[in-house]
Amino acid sequence: MSGATLLKESGPKEVFCGLTSIVWLHRRMPDAFFLVVGSRTCAHLIQSAAGVMIFAEPRFGTAILEERDLAGLADAHDELNRVVKNLLARRPEIKTLFLVGSCPSEVIKIDLSRVAENLNIELKGQVTVLNYSGSGIETTFTQGEDGALKALIPLMPKSDQKKLLLVGTLANAVEDRLISIFNRLGIDNVESFPPRQSIELPSIGPGTKVLLTQPYLTDTSRELKNKGAEIIEAPFPLGVTGSTLWIQAAANSFGIDKSIVDSILNPLILRAKQALAPHIEKLSGKKLFLLPESQLEIPLARFLSNECGMEIVEIGTPYLNRDLMKAEIDLLPSDCRIVEGQHVEKQLDRVRDSSPDLVVCGMGLANPLEAEGISTKWSIEMVFSPIHGIDQASDLAELFSRPLRRHEILNPKTLTSN
Amino acid sequence: MELTLWTYEGPPHIGAMRIATSMKKLHYVLHAPQGDTYADLLFTMIERRGSRPPVTYTTFQARDLGGDTAELVKGHIKEAVDRFKPETLLVGESCTAELIQDQPGSLAKGMGFDIPIVSLELPAYSKKENWGGSETFYQIVRTLLKDHSNESKHTWQEEKRRPRVNLLGPTLLGFRCRDDVLEIQKLLGQYGIDVNVVAPLGASPADIMRIPNADVNVCLYPEIAESTCIWLERNLNIPFTTTVPLGVGATQDFLKELHEVLEMEIPQSVYEANNSKLTWYSNSVDSNYLTGKRVFIFGDGTHALSAARIANEELGFKVVGLGTYSREMARKVRPAAKALGLEALITNDYLEVEDAIKETSPELVLGTQMERHSAKRLGIPCAVISTPMHVQDVPARYSPQMGWEGANVIFDDWVHPLMMGLEEHLIGMFKHDFEFVDGHQSHLGHLGGKGDQNISKDDKRTNLQDSVIKDGNPIWTHEGEKELSKIPFFVRGKVRRNTENYARQAGCREINEETLYDAKAHYKA
């Protein structure tokens, strides 16, 4: 590990819970439905984060617990059964139903796995019912995807076939692009998990080499390993360097000749660096503070400091998985401060004290910081935007240079003596 | 257990947050897991607030549940009081904390602070946002004023001063509250009535303590302030007004009621026709085309009721549907609907509202942001009249709903989505002109002709389903289709539906040119 300082902090946090992952998971797998078993708060959270109203019939919803559901668990299980059957009758296009546990369902110990098991027997394979927890007492934001993927793994067919498996939700266009690059390198059998249709699950076995596209898949990568897959160690595909190392790691693992890899990647790298140049000009020397939320903070900081010349004040991360993050931390500048966990008030004090040029933060904190004159970037945007890969490096940089550019346009520097 | 795809109201602690964030020098410690912190974005993004809500979330985790969560709560309370130094502390819990029963309010009261502590008990599994807001405001007022003595109080006449009133109920995330308060203050100023305290919006605990200095409470938003007004009347003998000044007639009634309660003479100027431009605009010849426009109304209780009155009495629309998502207001909405010959729709299910809109085929929908989306799918113009709030409902410009200026805003907001009268007349005259061939998109941007490029894929799917479900429908002949195609696109869908309904009723298997005219005569009759 590099000389990055690792600190821990606890106190009041300001992060989304794992339920929020539904916001992108339902788009990735349009044949799946995500049914949160929770409270009105859960329903309100998802609709506030997801802009639900544009959907005539959204592919997610909440079975809202009411007073009488709290009285007896047997009844709650029956009630959930009833709600699920009504839903499936109305929405016959659903192929996979995820029952998503929430804080209240975890506290009153509704056994979603048992409900799922019973429903699977009754439904006889018409719909597959799975369960995982997105509760805020156990999961943070992107960890919800980890839970959903882990729930799908037992359904993956076994196979010894040699293949590269990209794990973690990517924007479809980016995914196509990355697969075509692997094909050019000579890796022909490339599949993705999660798939674009929940029922088209890739197979898994000793021949599978897993390349993680996202840094928040702790449980998923462990389960895949248990199924015999090999996890390729690499930094994450953000920025030119990260993406290059990520692709190279896969190529090495498949024994592709270095000269072939170089001949294919070098022109892409050259082009990407050219596209990056104007953003580097804007970002270089600027101070960056990342508040914990998406788990992408460490790879983003690595890209913005190493490739864009930003000065990192602090990297907040909701939790630190040292194994998955090792390759990333090794690349960080040695004086980096990584803070695991959060005390939002103390952290905001540090933000103000360090007067950064840009803060990456959650949606609740952005405007209050903007009102104090500090430019911000929503961390949730990173999980929606096509930012992975060499070709996307300049788009990724643009996400950070735009707020700075805007700040300069709206607040032109005047020639005053101070 | 209730399946919910979308909900009009949040949980009750969101109502409490609306009160806490509306007020000053107050802090709210909310015993809640980390995910509940999403609520901050309602204020910082929808309302574009430049400061964080004054809320400390305890953000307890599963691993804390085995240990002493009570100590965790106390730690957060102490830290919040030390850091924010509030004049009053609210303590409560969200849905999950309610289940673990730490009773944070009692814990806080036992910690020896010398500030008032308001302990909130908001049942998350049976109540909703507006109830939570109302209860929180009531508990704050009661806590701060329960020992107040009213004995030395004199009337404004005795004290030889101008009368004073409190404006109670406006909050953040309430519909246009910011501007309504300014408009009502201005209005009252014109009649020599001073505003003593506005609360909760902008009030500190010290301001709440000044509430008894007023002669009358104005209950601007019953959803939030009614229970507080009733308590203040019973315990401190402060009467309150019940008319909500939304619309010209209601503003007049409000002024009349207020003058009566204050024992003031009602100036004739209250009834002058030019107080609001709505009156003249509605009387102008252009507005003839508004007569009998079929309008469907859904929203919170207060705005839905007021909208029905304005639509019916001041704009000459025909109300064809009236409902609310607010069960607490059902008692008032039911008789109002009955008076219009309707049955009130009381529901929290937006799909049920969408079905009711389809059923009544209105020409204008007055609803929430959700009805705006439903109306868009159905190709019906819509104006938003009520919460839940959307970033569009916090306009940069001054845009009240209450008082004279509010009535002006309402006229514009409701009438513009409809074809302006003259424009509609001209389109009728020139409907065969080349400009009005299929595909012509009106400036309104709602579904016209083939102009569906703005609809999302999911919207398209429903439309597709609509057009596929045609089993058992009468068949259109070539002549029938040809005649139908001469009808302007923006009413063609409705004419098609009406004609098919008529044909089914009349037992016609085929729809030809004549059936179309028969149907037209039938529906005009």
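Me: What conventions apply to numbering and to confidence?
Reply: Residues are numbered from 1 along each chain as its sequence is written, and chains are lettered from A and ligands numbered from 1 in the order in which they are written. The model is predicted: local features need pLDDT of at least 70, side-chain atom pairs count only at pLDDT 80 or more, and totals for chains, interfaces and linings use all residues.

Me: Where are the buried residues of helix α8(A)?
Reply: Helices (H or I, at least four residues) and strands (E, at least two) are DSSP runs, numbered from the N terminus. A residue is buried if 20 or more other C-beta atoms lie within 10 Å of its own, exposed if 12 or fewer, and partly exposed in between, with C-beta atoms placed from the backbone. In α8(A), Glu175(A), Leu178(A), Ile181(A), Phe182(A) and Leu185(A) are buried. They cover an arc of only 125 degrees around the axis (taken from the directions from the helix axis to the C-beta atoms), which puts them on the same side of α8(A). Ala173(A), Asp176(A), Ser180(A) and Asn183(A) are exposed, on the face turned away from that buried side. After α8(A) comes Gly186(A), with a positive phi near 105 degrees.

Me: In what order do the four strands of the open sheet in chain A stand?
Reply: Strands of a sheet pair through backbone hydrogen bonds, either parallel or antiparallel. Two strands count as paired if DSSP finds at least two bridges between them. Here the order is β7-β6-β8-β9 (chain A), with parallel pairing. β7 (190-193) and β9 (230-231) of chain A are at the edges, each with a single partner strand, so one side of each has no neighbour in the sheet. Strand β8 (residues 208-212) of chain A is joined to β9(A) by two bridges; Lys209(A) has Glu230(A) as its bridge partner in β9(A).

Me: Which residues have the most contacts inside the largest nonpolar core?
Reply: In soluble globular proteins, nonpolar side chains tend to be buried together. A nonpolar core is a set of buried Ala, Val, Leu, Ile, Met, Phe, Trp, Tyr and Cys residues joined through C-beta atoms within 7 Å. The largest has 246 residues, and those with the most contacts inside it are Phe34(A), Leu35(A), Phe98(A), Leu99(A), Val100(A) and Ile297(B). Helix α17 (residues 403-415) of chain B gives the most to this core, with seven residues. A second, separate core of six residues includes Trp476(B) and Tyr502(B).
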